[in-house]
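This report describes the architecture of a two-chain model. The overall make-up of each chain comes first, followed by selected elements and the contact between the chains.

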Amino acid sequence: MNRTHYLAAFLVLSLGMAGYAKAQDAPIPGSQAEAYWDKDAFKASQDALKEEHGGGSTLFLLADRFEYQTNEGLPALFLGGQGWWGTDENRLWIKSEIDYDLDAGRFEDAEIQTLWSRPIARYFDVQAGLRHDFKPGPSRTYAVLGVQGLAPYWFEVDGAVFLSEKGDLSGRLEAEYEFRLTQRLILQPRAELNLAAQDVPELETGAGISTAEAGLRLRYEIDRQFAPYVGVNWKTSAGETANYIRARGDDTESLSFVTGIRLWF
Amino acid sequence: MFTRRHLLRTAAAGSVMTASAALLPAWARSANAGNTGIFESRGTAFDLTIGHSAVNIAGHTGHAITLNGTLPGPLIRFREGEKVTLKVNNTLDEDTSIHWHGLLVPFHMDGVPGISFPGIKPKSSFTYEFAVPQSGTYWYHSHSGLQEQQGHYGPLIIDPADADPVQADREYVLVLSDWSFEHPHKVYARLKKDAAVYNFQQRTVGDFVRDARDNGLGPTLSDRASWGAMRMSPTDISDVTAAAYTYLINGHATEDNWTAIFNSGERIRLRIINASAMTIFNFRIPGLPMTVVAADGLHVQPVETDEFQIGVAETYDVLVTPTRARAFALVAESMERSGQVVATLAPETGLVATAPLLREPPVLTHRDMGMDMSSMDHGSMAGMDHGSMAGMDHGSMTISDPVAQTHDHRMGVGVDNVAMVRVSRIDEPGLGLESVPHRALSYSQLRSLVSNPDTRAPGREMEIHLTGNMERYMWSFDGVKLSEITSPIIFHEGERLRVTLVNDTMMTHPIHLHGMFFDLVVDNTDHKPRKHTVIVKPAERLSFDVTADHVGDWAFHCHLLFHMHAGMMQVVSVLPRGASDIADTGHTADAPAPAQPSEERAQPYVQVDKQHEGHRR
């Protein structure tokens with residue numbers, strides 16, 4: 001599947017979502033005021049009433065981690081963010097992670113997920129869609145099915161399974177927590193686990209746990225929407241994945257000091 | 001757009017110092033600008049122009065939507081029973097409207113676009129015409145979009161046709177409001193993305209350490225765990241705080257020192273209106289007792305107090321008689337205590353009352369979460385059995401008995417909590433006022449001055465739950481947003497019914513019913529206080545009796561503007577006598593809701609019929 005196909009699939013997904021959302025619109029209840037006013041004008045105001053009282057859409061964009069990573073002498077720029085647009089019931093959800101190798105002067109990894117998100121529980125959304133990886137090496141497109149939300153005790157969690165166009169199955173689990181040191185100073189631990197169901201030599205991933213990541217970031221919310229931070233981030237590869245990386249003579253582990261900005265609007 | 005705004009800014013810049021005082025109508029001016037609290041300017045015909053204005057708030061220029069160019073708008077004052085004509089000229093590029101809050105107008109004059117009329121289109125005018133059988137302190141505001149947050153509100157006073165039982169030497173109108181320099185759509189969007197965005201009173205690691213030291217580590221951990229398990233915050237009290245708001249009295253911030261003057265020994269009537277979009281205030285005048293003489297416009301038996309909570313859209317008339325020639329502070333402190341506005345009541349101009357310090361912010365408890373099992377004195381947990389209808393026999397219950405959850409409404413993603421133990425809190429003064437070292441008013445102290453016009457026992461009862469999901473910032477009645485309703489709430493003309501509101505959320509909601517006063521069930525007498533807006537406290541169960549005597553469709557909503565905007569609104573349709581064939585009017589039949597426990601059920605309300613077999617103990 002090339003990028004054109006990806007784009008086409010994205011459009012179909014969006015249109016399908018819009019159509020579904022439209023079909024969910026309940027009929028307007030009858031009204032005694034119709035008798036007093038021009039029918040069309042009143043009907044228009046009824047539609048606006050519903051739109052304005054629970055039917056509105058919101059756009060949210062978050063750059064959760066936009067940072068410089070020391071990466072043990074191989075510095076990188078990293079952007080991890082997400083955003084959504086839509087109503088309470090239907091949201092178009094975008095997630096992206098982009099890794100830029102400052103030493104080599106090229107993008108190391110870049111992925112974008114385009115998902116349709118629906119609430120399934122008080123604090124959880126189910127998300128389905130597509131992920132595309134732009135890599136210096138082989139690109140991949142995946143079907144995505146995931147759950148994202150707020151677990152008890154205020155853990156932000158996100159889990160997804162990915163099925164590639166080659167039929168390979170993988171998964172990812174992420175969790176975040178926030179310690180509020182003061183009203184504006186926040187310590188955020190974060191963990192990520194990547195899993196695979198099979199070896200994919202082409203992508204240098206092995207079955208089982210492929211990579212794990214843990215980070216600790218201390219941010220200061222100058223404004224709720226703008227917070228510079230410092231932190232550390234540790235990445236490791238495991239099992240067969242580590243073997244692939246060792247085979248090409250690279251480190252399977254790296255500890256980074258990071259500094260960046262968290263912002264949303 | 002740029003041009004007009006630019007012009008407004010330029011115009012404002014030239015008159016920053018005097019803009020607010022010079023432009024304000026007489027009633028809203030400070031004493032040093034000529035307001036001596038003695039004014040009579042009744043009329044029967046009013047011209048109101050709605051437009052954009054630059055306003056000066058605490059020394060900064062903001063963009064407002066105003067009536068006749070001022071914030072707040074003009075005082076509309078007329079006599080009970082007189083026919084009034086109000087011509088509204090909309091100069092905006094968007095629709096607008098005026099709702100006459102608390103007035104018993106014909107429903108097509110009620111001013112709610114999409115429910116009572118189509119709204120007032122851009123660059124057009126609309127004439128309201130009505131006569132109302134009531135007097136007292138009311139207000140008006142836009143019911144379109146979020147204009148109310150932008151300054152589109154003002155006071156409305158109706159003088160009694162006969163002598164006013166409340167006599168005073170002077171009277172002042174105090175319009176309390178919350179001003180944001182941020183556009184309300186942005187404020188709302190921020191809440192939608194992060195509901196705690198304006199909360200700077202959250203519990204920190206430092207609080208944890210302090211609590212662990214004071215109460216022990218075990219109890220502190222278990223306290224944090226119980227809130228964490230529910231994903232709720234005990235500091236989630238007001239969605240929008242002083243982080244965004246400048247609080248105002250008559251358009252004046254604290255530093256503007258709005259002043260009312262008096263001569264020692266005079267009796268002064270204060271007509272206090274909470275015209276805020278999102279702020280519930282606690283109002284007090286330290287050192288000066290207040291005698292409450294009217295609530296929501298209607299007279300109550302005088303009751304003396306030192307402080308009261310005033311929900312958004314409520315009004316109170318109080319009498320004060322300062323005998324000492326000193327400056328008193330008129331203090332409106334926001335309920336979560338992130339900010340306040342202070343004005344001065346003084347024997348002469350030029351004095352500034354000492355503003356009190358903000359008090360310690362209140363913190364919610366398990367009682368507010370509806371999980372206070374200790375208040376369940378029914379012995380066992382039998383009341384928790386959703387299958388049995390235990391606890392629903394109102395005949396044998398006093399109003400203060402805690403009631404276990406039995407209601408069956410939609411448990412969708414928009415409902416993050418169902419209070420398991422709902423209690424009457426009508427004798428509580430409100431969040432943060434439980435332990436103040438002076439008297440604080442509760443609804444249970446209010447009694448109508450005159451007997452209630454309809455003393456029939458309610459023939460029907462319905463229960464409506466206030467529901468929401470703070471994390472998603474979704475708000476609704478019975479789990480159904482206005483955008484999702486398929487049927488209004490049906491009242492039948494002439495019937496007397498009891499509406500029981502159950503607050504399943506942890507927030508305080510001022511609930512407003514258009515077109516009808518309701519009698520708050522504080523006791524079984526015929527002097528129940530009659531109101532148009534009632535504060536429902538967290539996990540509270542509260543009832544009012546109402547007579548469906550005004551045919552039409554009426555809005556029913558939470559008066560926190562952003563809760564309404566999020567969907568916490570319904571339509572109460574009072575059907576005329578003989579309209580038994582409801583299908584003709586397009587309404588869904590209001591047969592008693594089947595008690596199916598399906599999660600999918602989207603019934604907008606549930607009726608509890610007195611004769612219904614499920615109602616027996």
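A residue is counted as buried if 20 or more other C-beta atoms lie within 10 Å of its own. The model is predicted. By this criterion, 28% of the 265 residues of chain A are buried, while in chain B the buried residues make up 55% of 617.

**Overall make-up**

Chain A contains three helices and 13 strands. In chain A, 44% of the contacts with a separation of 6 or more are made by residues 24 or more positions apart. Chain B contains six helices and 33 strands. For chain B, 77% of the contacts between residues at least 6 apart in sequence join residues at least 24 apart.

**Helix 3 of chain A**

Helix 3 of chain A spans residues 239-247, and its buried residues are Glu240(A), Thr241(A) and Tyr244(A). Viewed down the helix axis, these buried residues fall within an arc of 110°, so they line one face of helix 3 of chain A. This arrangement may be read against a general rule: an α-helix has 3.6 residues a turn, so residues three or four places apart point the same way. The packing partners of the buried residues of helix 3 are strand 11 (208-220) and strand 12 (226-237) of chain A. Just after helix 3 of chain A, Gly249(A) adopts a positive phi of about 80°.

**A six-stranded sheet in chain B**

Chain B holds an open sheet of six strands in the order 10-9-12-17-14-15, with mixed pairing. Strand 10 (245-249) and strand 15 (298-305) of chain B stand at the edges with a single partner strand each, so one side of each is left without a neighbour in the sheet. On average, and with direction ignored, neighbouring strands of this sheet are turned by 20° against each other.

| Strand pair (chain B) | Sense and bridges | Facing residues |
|---|---|---|
| Strand 14 and strand 15 | antiparallel, five bridges | Met290(B) and Thr305(B) |

Strand 14 and strand 15 of chain B form a hairpin with two residues between them. In the turn of this hairpin, Asp296(B) has a positive phi of about 50°.

**The contact between the chains**

How many residues does the contact take from chain A and from chain B? Chain A provides 40 residues and chain B provides 48 residues. On the side of chain A that touches chain B, the elements giving two or more residues are helix 2 (39-52), strand 1 (58-69) and strand 9 (179-180) of chain A. Helix 2 of chain A gives the most to this side, with nine residues. By residue class, the side of chain A that touches chain B divides into 22 nonpolar, eleven polar and seven charged residues.

Notes: Residues are numbered from 1 along each chain as its sequence is written. Chains are lettered from A and ligands numbered from 1 in the order in which they are written. This is a predicted model: local features need pLDDT of at least 70, side-chain atom pairs count only at pLDDT 80 or more; totals for chains, interfaces and linings use all residues. A residue is buried if 20 or more other C-beta atoms lie within 10 Å of its own, exposed if 12 or fewer, and partly exposed in between; C-beta atoms are placed from the backbone. Helices (H or I, at least four residues) and strands (E, at least two) are DSSP runs, numbered from the N terminus. The arc is that of the directions from the helix axis to the C-beta atoms. Two residues are in contact if their C-beta atoms, placed from the backbone, lie within 7 Å. Ala, Val, Leu, Ile, Met, Phe, Trp, Tyr, Cys and Pro count as nonpolar, Asp, Glu, Lys and Arg as charged, and the others, Gly among them, as polar. Two strands pair if DSSP finds at least two bridges between them. Axes are lines fitted to C-alpha atoms, for helices over the stretch in contact, and angles run from 0 to 180 degrees between N-to-C directions.
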